Amino acid sequence: VIIWAARGGGFDLSFMYKPVVDSLVGGFKAARSQPLIVQGYGVLYMESPELVTLRDGDIFVWIGPIGSDKPPWHALSTQGVRTVYFQTEPADGCLLARSAPRELWEFSWHNFDACAPRLPAGLTLRYVPLGFTAPSESEGRAVAAADAAALGPQTEADLLFFGFPFYKSGRKRCYARLQRVLGGRLNATWSVWSEAAFEAFWAG
């Protein structure tokens, strides 16, 4: 099993996609067959060491839209590799970016339900939600501090969204509805791209 994503693109994608990677790795490790799992970031070509070992029945998963045009989708499928695009964005249809997989894995029921009636022929659609992963020690401290702060006088926003709330598709509409109800008690940030940045943001 190869689990891969782009590196960079102006963001810390390894931090951003960690919940996806951890969920997939955990799921594959729980399989009875106990497959060999290779995970990484960067550009992959057919001659890349990670891909030359793939054979009929093996699995290749690409995460997210950035760099989704780089993997040799058709060549891998021709070899019998089960090619998968893990879709990470909110969508009102089948959002494949520039990938050409055999399977599309969606993390949300909204995306799944929006894509199902429009599914291209020959493409398999699966619902693959994110799973629980144990937090690191620093993450645990941050959560504990947040819980303790919540017990004191409430001076911050009632609801904080980590991400860009005005992204296309349903996210913008959902945020607008929440804003009508919460007003100034709803806030968002899209400048946190690492564990250190998260802790600094929370401490501030």
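Is Cys-174 buried, partly exposed or exposed, and what is its relative accessibility? At 44% relative accessibility, Cys-174 counts as partly exposed. Keep in mind throughout that this is a predicted model.

**The disulfide**

Staying with cysteines, a search of the whole structure turns up one disulfide. A disulfide is a covalent bond between the sulfur atoms of two cysteines. Here the partners are Cys-94 and Cys-115, with their sulfur atoms 2.1 Å apart. The two ends come from distant parts of the chain, 21 residues apart: Cys-94 sits in the loop between E4 and E5, while Cys-115 belongs to helix H5. The link of Cys-94 and Cys-115 is right-handed, with 100° about the S-S bond.

**The nonpolar core**

The largest nonpolar core has 36 residues, and the members that touch the most others are Leu-24, Phe-60, Ile-63, Phe-86 and Trp-105. Several elements supply at least two residues each to this core, among them strand E1 (2–5), helix H2 (18–29), strand E3 (59–63) and helix H5 (109–115).

An α-helix has 3.6 residues a turn, so residues three or four places apart point the same way. In H2 the buried residues are Val-20, Val-21, Ser-23, Leu-24, Val-25 and Phe-28. These buried residues pack against E1, strand E2 (38–41), E3, E4 and E5. The length of H2 fits too: its 12 residues should span 16 Å at 1.5 Å a residue, and its end C-alpha atoms are 16 Å apart, which agrees.

Leaving aside residues up to four places away in sequence, Trp-105 touches Leu-24, Phe-28, Val-61, Arg-82, Val-84, Tyr-85, Phe-86, Gln-87, Arg-126 and Val-128.

**Strand E5 and its neighbours**

In a regular strand the side chains alternate between the two faces of the sheet. In E5, Glu-103 and Trp-105 point one way and Leu-104 and Glu-106 the other way, and all are buried. E5 pairs in the parallel sense with E4 over four bridges, and Val-84 has Glu-103 of E5 as its bridge partner. E5 also pairs in the parallel sense with strand E6 (residues 124–127), again over four bridges. There, Leu-104 has Leu-125 of E6 as its bridge partner.

**Aromatic pairs**

The count of aromatic pairs comes to 11. A pair of aromatic rings is described by the distance of the centres and the angle of the planes. Two of the pairs are set out here.

| Pair | Centre to centre | Angle between planes | Arrangement |
|---|---|---|---|
| Phe-162 and Phe-198 | 5.6 Å | 50° | tilted |
| Phe-166 and Tyr-175 | 5.7 Å | 75° | edge-to-face |

Phe-162 lies in strand E7 (residues 159–162) and Phe-198 in helix H8 (residues 195–203), so this pair ties together parts that are 36 residues apart in sequence.

Notes: Residues numbered from 1 in each chain as written. Predicted model: local features only at pLDDT ≥ 70, side-chain atom pairs only at ≥ 80, totals over all residues. Heavy atoms only, no water. Core = buried A, V, L, I, M, F, W, Y, C linked by side-chain atoms within 4.5 Å. Buried < 20%, exposed > 50% of the residue type's maximum accessible area, 1.4 Å probe, protein only. Contact = heavy atoms within 4.5 Å. Disulfide = S-S within 2.5 Å. Phe/Tyr/Trp six-rings, centres within 6.5 Å; stacked < 30°, edge-to-face > 60°. Expected span 1.5 Å × (residues − 1). Pairing = 2+ DSSP bridges.
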